Structure formats: C-alpha cells, structure tokens
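Here is a short report on one protein chain. Look over the sequence and the fold before reading on.

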Amino acid sequence: MILTGPAIAQEVAEGAIQIEPFRPGQVNPNSYDLRLAPQLLVYGDRELDVAKENPVQSITIGPEGFVLQPDRIYLGGSVEHVGSDRYVPIVRAKSSIARLGLFVHVTADLIDIGSHGPTTFQLHSVHPLRIYPNMRIAQVTYWVPRGEITLYEGKYRDTRAPMASQAYREFTV
C-alpha cells in the first residue's frame, strides 16, 4: 500500500516520516517532491573499479546551472533529509524531468527502513542537460511494509551529503 500525499503530511507531523525541511507545497497526490542540493560528485577516473575506492571530484552548481554530459554519472543529493523507521521510501524522477532524458536513479530507487539523510541521486542524462540547484528533480513515495521490520545499519547510514560507491568495502572474489 502506498501513502497518499495527505497521509505523508500527517505522518511527517506525527514523526513517523522524516522530511526536513518540509514544505506543504511539495506534497503531491501520492508523493513528495525532492529538490537538488548544489553539490555534485563526479568520478575522477574514466575507468571505475568495484574492488577499490574510486576518487571523486566535487562540483558546486551555481545559479547559472550546470550541464550534465551523457558519458558520465553524477552523484547529487536532495536538499531534504528523508527517512522513516516505519515506511519504505522509494525515490523516482519527476516525470517532467524524465521526459528530458534524465535518469535520477539509474537502478537504486529504494531507501531502506531506518536510513535517514539526504538521498543520493545517480544522475545520468541521455544528452547534455542543464540542471539548477534547488530544482524539483525527484519524488519520494512511502510504502507500508509487511513483516517484521529490521532497521538499516549499512554503510550509507546517516550520510549528510551525496556519497560515492562503497562497493569496495564488500568486494570478494
């Protein structure tokens, strides 16, 4: 079962869902809009390796925007810190952004129960696309789980900004 927009707002008011800052104008019929924070990360090397930590460079998006290139993946974050110990958040692109050819989450749209903080977006554009800080880029929905809840304790817990891949920490051959 998915929560409606009014139910999301109610659960935020009651503390079962974290959205900070919360703006009522960003509530949709069954989702909440997330805005793009001004910091992006981009991998420094053209060839990435899952067995090692890959260096990243930080980019600050100014008011004039920043053009994403199609041959790169950029890691961005949400302005809003989101999470829940009761519901499963799912993040997807806003349809108007997807219609411009921007993938907001390449495949990882699930936020585990118990994970709190800004969402890390995996931005990939199919052609050059100018983006801006604080633009509405994604939407989060909240789903009711079935079964015993185990809170997330993983490597991306309690982040404060976009994070590069930590796959190397789990790498085994």
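## Charge

Lys and Arg are counted as positive, Asp and Glu as negative, while His and the chain ends are left out. On that count the protein carries 16 positive and 18 negative side chains. The centres of the two sets are 6 Å apart. The model is predicted.

## Fold and dimensions

The protein has 2 helices and 10 strands. Along the sequence they run α-β-β-β-β-β-β-α-β-β-β-β. The radius of gyration is 16 Å, close to the 16 Å that the globule rule gives for 173 residues, so the protein is as compact as a globular protein of that length.

Taken along the principal axes, the C-alpha atoms fill a box of roughly 45 × 40 × 25 Å.

## Burial, contacts and surface

How much of the protein counts as buried? The share is 43% of the 173 residues. Among contacts with a separation of 6 or more, 74% join residues 24 or more positions apart.

The accessible surface comes to about 9300 Å². Carbon and sulfur atoms account for 53% of that surface.

Pro 21 sits in the loop between strand 1 (17-20) and strand 2 (32-43).

The second case is Asn 134. Its phi is positive, about 70°, although the residue is not a glycine. Asn 134 lies in the loop between strand 9 (129-131) and strand 10 (136-143). Is Asn 134 buried, partly exposed or exposed? Partly exposed covers the range between the buried limit of 20% and the exposed limit of 50%. Asn 134 has 42% relative accessibility, so it counts as partly exposed.

## Tyr 152

Tyr 152 belongs to the segment after strand 10. Why does Tyr 152 count as buried? Buried means under 20% relative accessible area. Tyr 152 counts as buried because its relative accessibility is 16%.

How far is Tyr 152 from Pro 6? In sequence, the two are 146 residues apart. In space, they are 26 Å apart, C-alpha to C-alpha.

Conventions. Residues are numbered from 1 along each chain as its sequence is written. This is a predicted model: local features need pLDDT of at least 70, side-chain atom pairs count only at pLDDT 80 or more; totals for chains, interfaces and linings use all residues. Side-chain values use heavy atoms; hydrogens and water are left out. Helices (H or I, at least four residues) and strands (E, at least two) are DSSP runs, numbered from the N terminus. Buried means under 20% relative accessible area, exposed over 50%, partly exposed in between (1.4 Å probe, protein chains only). The radius of gyration is taken over C-alpha atoms; the globule rule is 2.2 Å times the number of residues to the power 0.38. Contact means heavy atoms within 4.5 Å. Accessible areas come from the Shrake-Rupley method with a 1.4 Å probe; for residues, only the protein chains shown count as cover. The place of a charge is taken as NZ of Lys, CZ of Arg, CG of Asp or CD of Glu.
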